[in-house]
Amino acid sequence: MKPTLVLLCFIFTALRCFSQVTNDEKVRYLVNEDGQAEVSVYNSPDILKKLSENTSVSTVKDGRIFIRLSRLTIEWFIKQKFDYKIVEKQHFNLPENAKSTNEALEWDTYPTYTQYLDILTKFSTDYPSLCELDTIGTSINGKLILALKISDNASDDEDEPEVFYSSTIHGDETAGFVLMLRLADYILSSYSTSDRIRNLADNLEIWINPLANPDGTYRNGNTIADPVRFNSNGYDLNRNFPDPMSPYNQNNVQQKETKEMVDFLKLHRFVLSANFHSGVEVVNYPWDAFERGEIKLRSSTHADNTWFYRISRAYVDTVYKYSDALYMKAFKNGVTEGANWYVIYGGRQDFVTWELQGREVTIELDYIDNYPLVTPTARLPLLWEYNYRSLIVYLENALYGIHGEITDANDGRSVAAMVFINGHDKDNSHVYSDTTSGRFVRFLDDGVYDVTFSAGGYADTTITDVEVFWHNKKLLPVTINRLRSNNSLSLYPNPAFISINALLPANMEGPVRIQIFNTSGMLVKEVNDNFIVGIPLNIPVKNLAGGTYIIVFTNIHGGTSVKTRFVVTGN
């Protein structure tokens, strides 16, 4: 019997068997055979919350919650006894893999894994002054997780804002994988002919990670044949990042790929980034989660909510000029705040924005009305035509806002400081200047702002009436004055979120009583500590509600006291 006929007979027999077994047995079989299965459950707030905390929700639409199950979550899901439907996997439009690297470079097929490595190496070889290849880490199965650095002097660590594009953290969401490769090719090949591209590469350090989950995409080896959402341990890597709420995630064991990506993100502190997915066509901005039950860890909207909406709107509106009438029309206008769609925990977008004070959005590039989400190769050129101008528009946001350098007023040395927008910043929305150069970037919507600069050993410095215009760059040189360490009280960072440091006058050395009062005069915190000249005291303030406080330090032996005010944000 011919092999094709044998396969058809097997599929027919399997389908007949499926009709005689339960949904639970079917879904176990699919997870075992395919590495994952998709099911849908009727949507309700309680069910959605429970599923978001314990499984990988892929989307919410048409009154149902769609979940991807792996071997990590399948048994928990079955035990909950949800009334669910299996989303049958379609076996048409299978991805076409390129026969050679040159064919892959035509961008209408998918590269094999080895071709992918060859393409990145070729970029760095063909454009040595513009492009460097770096390794973020390796997957559990040893596949490389790579990033291209593109800049006018790629081999140098220049004092320029760093931006980051990353795709396919879900291994079967492949549209962004090819688009990121093609974008790198486009920027490199256009540098010498396009003023717009040259402006980007000359003034930014652009990092592109086309494939964040190679084990999921190349699950079967060297070709894309049957990719899955998860890494090889069955974890959704976009539910695996550190987050104030992540302890509540049942599956919070941080994976190798996540740890190495976190290290990479912390090293570079990207001012602007985007994470590319498929499944819906929408731009999704923070927050993806802001509370769990009655525990509220941040405000429901980011301090820069309007700015986030405007940059997301600009991406989508540019798409609309070059796409068909139906593309990127999710949520009526192609833009959503994440938690308004559905809540996730441990997502990269919120980690970057919350913990690293970056600004990241999630861009969903392609919706295919069947499972899986692999974009058909015939659609790849179309998605490029729809999106490549928007990809450039988004990167250009890093050129705008307040750009400045903080220096010591006495000797001109660079100072690392917190940059806080008075009456505006909350929930870790402040930024920090670079520890080496003292440079900072702060994106803001149109407006007039008072900006406070706070650093240990320096008096807080506020510059008032800083005017910011949309899509304009505001240069703001800042000088700050050192405190006289023998007789001055220095409190930093101020405003504070987690803790505040206090450098006391020399005559306060010894045991001290620390009292914190609210503006009504009520004592809200009292502790004793020991002050050593030159070593700041660290006072936790995370449990205090947001607001202004008076802090009093009293030397227990001599009775000498000093006091000042500070602000707590976002608790």
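The side chain of Arg-229 makes a polar contact of 3.1 Å with the side chain of Glu-173. A polar contact is a pair of N or O atoms within 3.5 Å; within protein, one must be able to donate a hydrogen and the other to accept it, and residues adjacent in sequence count only if both atoms are side-chain atoms. The model is predicted: local features need pLDDT of at least 70, side-chain atom pairs count only at pLDDT 80 or more, and totals for chains, interfaces and linings use all residues. Residues are numbered from 1 along each chain as its sequence is written, and side-chain values use heavy atoms, with hydrogens and water left out.

The side chain of Arg-229 also joins that of Asp-236 through a polar contact of 3.1 Å. Arg-229 lies in the loop between helix 9 (214–217) and helix 10 (256–268). Helices (H or I, at least four residues) and strands (E, at least two) are DSSP runs, numbered from the N terminus. Arg-229 counts as buried because its relative accessibility is 2%. Buried means under 20% relative accessible area (1.4 Å probe, protein chains only). Asp-172 is 57 residues from Arg-229 in sequence, yet their C-alpha atoms are 5.3 Å apart in space.

Elsewhere, three strands form an open, mixed sheet in the order 18-15-21. Strand 18 (439–442) and strand 21 (473–480) stand at the edges, each with a single partner strand, so one side of each has no neighbour in the sheet. Two strands pair if DSSP finds at least two bridges between them. Strand 15 (residues 401–408) pairs with strand 18 in the antiparallel sense over four bridges. Glu-405 stands opposite Arg-439 in strand 18.

Key: Buried means under 20% relative accessible area, exposed over 50%, partly exposed in between (1.4 Å probe, protein chains only).
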